[in-house]
Amino acid sequence: MSGWPAPRRRTSLSNHHTVSASTTAPGAPEVYFDPVRQAQRRKRARRDALVGMASLLGFVAVVGFAISRTSGWPLVQETFFNGTEFLATFPGLLDAFLLNVRIFLIAEPLILLIGLLVALSRDLRSPLLLPLRVLATLYVDIFRGLPTILVIFLLGFGVPALQLQGVPNNAVFWGTTALVLSYGAYVAEVFRAGIGSVHTSQRMAARSLGLTSLQTSRYVVLPQAVRNVVPPLLNDFISLQKDTALVSVLGPIEVLRQAQIDASSTFNYTAYVGAALIFIALTIPMTRFADWVQARMRKRRTMAGTA
Amino acid sequence: MTNTLLEISGVWKAFEGHSVLRGLDLRVAPHEAVVLIGASGSGKSTLLRCVNGLETVDAGLILLDGDLDVTDFYTDMDAVRRRIGIVFQSYNLFPHMSVLDNVTLSPCKVLKRSVSDSRDQAMALLQRFGLAAKADEYPDRLSGGQAQRVAIVRALAMEPELMLFDEITSALDPLLVGEVLDTVRELKMGGLTLLMATHEMGFAREVADRVCFLDAGVVLEQGTPEEVFGSPREAKTGEFLSRMLK
């Protein structure tokens with residue numbers, strides 16, 4: 001059953017709307033939408049929205065009901081979704097989260113810088129700079145292969161144990177350094193892929209205009225490469241936001257550590273849920289932003305394709 | 001002033017064991033418009049790329065203005081490319097820059113001209129070729145013909161002694177070929193030395209001072225358009241032309 005009125009015949013339509021048949025006729029509209037077809041589309045869109053909403057609400061109701069009827073639910077609710085516990089711990093968690101934000105804000109620019117420098121070093125052709133190229137390749141090979149948490153352990157516990165003069169002993173410092181080294185290797189590869197994505201004809205055109213190899217990279221290749229890798233870089237940002245929690249293994253009281261302390265003092269896990277909510281509150285907008293940037297770039301590309 | 005601006009002698013170039021150029025000789029006089037014709041794979045594009053050093057040659061000499069050897073291992077290729085302009089089939093405009101920035105980039109960075117001087121010069125050139133209204137547009141907003149004309153202007157802004165055109169109309173909608181060819185006509189009137197590869201036989205006939213038919217990596221036949229198109233000496237030339245003009 002379609003439930004739709006049969007589309008009206010064009011003949012009946014033409015009684016209401018006399019439209020000059022030829023677009024070349026003087027006074028012909030720039031754009032013209034058939035009002036009947038438009039009304040049909042609007043009606044369909046409204047129906048789709050309603051059905052979608054109803055379906056979603058029904059699904060949530062059924063699942064919610066089913067979960068609340070399980071025998072373990074009261075205990076789960078008490079342990080994970082305890083209101084008083086939440087109110088008691090949440091302000092402390094927010095406070096601790098500021099450390100995560102600080103780690104992120106310090107690490108991210110350093111990661112971008114290291115990533116870009118390493119990516120450029122790996123594509124150097126000068127024989128004099130071979131050591132730099134080898135070093136950059138080794139760095140990426142090693143740090144991309146190591147679990148981030150292992151790097152944090154190695155640096156955070158290992159380096160202070162050396163008791164070197166003038167080397168900071170601070171857990172946050174080494175935790176952040178480990179994140180920077182680990183993510184720097186990933187971001188370097190992202191940049192390198194971006195550089196590779198710029199067609200060789202661009203480099204050729206630039207060189208044919210007399211630009212040196214360095215000028216070509218600086219003015220022609222890099223700006224395009226960076227633009228191409230914005231979406232994957234945002235993705236890595238999101239990942240880094242979460243991984244700031246790994247620094248907790250070294251002891252500094254950031255949000256996960258704080259939640260752990262709360263949970264172990266009351267044997268209630270609501271603080272963990274609180275910490276989770278804080279992370280999600282930050283990463284979801286970031287994810288949407290990344291999606292939006294990606295969609296916008298795709299749109300621009302297709303526009304360029306049809307031009 | 002020598003009567004040869006570009007002298008190509010005995011140039012060989014192979015790709016993966018297959019020779020594209022086989023001891024090719026060619027001279028271009030100042031202010032001359034030389035058109036290269038020939039089947040795909042006859043070496044037209046390769047020759048043009050060798051002339052401004054985008055490809056290295058395996059053997060032979062390419063002399064610019066009688067003294068600068070393009071093929072010399074120790075020649076500063078950036079210096080050569082400052083004096084030779086090239087425009088490609090696929091425009092290759094820089095998509096992240098406006099039309100004006102595309103044109104001023106190398107005068108600013110290579111010739112070290114001031115930004116305002118470069119802009120004035122670029123605007124004058126864009127004006128001359130009817131592109132002034134497009135100065136602030138980005139390449140993705142241009143038609144193919146406009147994009148190709150901007151590419152020509154970009155090369156002209158370096159004030160080259162010699163301009164190379166590598167099948168600059170091949171990627172264009174037939175309706176847009178005309179405006180690009182008009183631009184080339186104007187350049188010829190202005191006395192710029194031109195070396196171009198093309199498949200537009202009618203245009204070659206009209207604009208060329210000399211037509212060279214490339215076959216199997218050498219110039220098999222050359223002469224005025226009347227000679228080559230009117231009464232080709234070589235059977236292969238006639239064969240090619242009859243196929244192209246059909």
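Reader: What covers the buried residues of α6 in chain A?

Author: The cover includes α5 and α7 (171-197) of chain A. Before we go on, note that this is a predicted model, where local features need pLDDT of at least 70 and side-chain atom pairs count only at pLDDT 80 or more, while totals for chains, interfaces and linings use all residues. Residues are numbered from 1 along each chain as its sequence is written, and chains are lettered from A and ligands numbered from 1 in the order in which they are written.

Reader: Which residues of α6(A) are buried?

Author: A residue is buried if 20 or more other C-beta atoms lie within 10 Å of its own, exposed if 12 or fewer, and partly exposed in between, with C-beta atoms placed from the backbone. Helices (H or I, at least four residues) and strands (E, at least two) are DSSP runs, numbered from the N terminus. In α6(A), the residues A:Val151, A:Ile152, A:Leu155 and A:Gly156 are buried.

Reader: Why do they line one face of the helix?

Author: An α-helix has 3.6 residues a turn, so residues three or four places apart point the same way. Looking down the axis of α6(A), you find its buried residues within an arc of 115°, so they line one face. The arc is that of the directions from the helix axis to the C-beta atoms. On the other side, A:Leu150, A:Gly158 and A:Ala161 are exposed.

Reader: How do I check the span of α6(A)?

Author: The expected span is 1.5 Å times one less than the number of residues. For the 14 residues of α6(A) that gives 20 Å, and the end C-alpha atoms are 20 Å apart, which agrees.

Reader: Is A:Pro147 buried or exposed?

Author: A:Pro147 is exposed, with 10 other C-beta atoms within 10 Å. You can find A:Pro147 in the loop between α5 (130-145) and α6 (148-161) of chain A. A:Pro147 is also 8.2 Å from A:Ser182, C-alpha to C-alpha, although 35 residues separate them in sequence.

Reader: How many helices and strands does chain A have?

Author: Chain A has 12 helices and 0 strands. Of its 307 residues, 25% are buried.

Reader: What is the order of the strands in the sheet of 6 strands in chain B?

Author: Strands of a sheet pair through backbone hydrogen bonds, either parallel or antiparallel. Two strands count as paired if DSSP finds at least two bridges between them. In chain B this open sheet has the order β6-β7-β8-β3-β9-β10, with mixed pairing. β6 (84-87) and β10 (218-223) stand at the edges with a single partner strand each, so one side of each is left without a neighbour in the sheet. As one example of pairing, β6(B) and β7 (residues 162-166) of chain B are parallel over 4 bridges. Here B:Ile86 stands opposite B:Leu164.

Reader: What is the pairing in the sheet of 4 strands?

Author: The pairing is antiparallel, and this open sheet of chain B has the order β2-β1-β4-β5. Within it, β1 (residues 6-15) and β2 of chain B pair over 8 bridges, and B:Leu6 stands opposite B:Val28.

Reader: How many residues does each chain bring to the contact?

Author: Two residues are in contact if their C-beta atoms, placed from the backbone, lie within 7 Å. Chain A brings 19 residues and chain B brings 20 residues. On the side of chain A that touches chain B, α8 (200-208), α9 (213-228) and α12 (270-306) each supply at least two residues.
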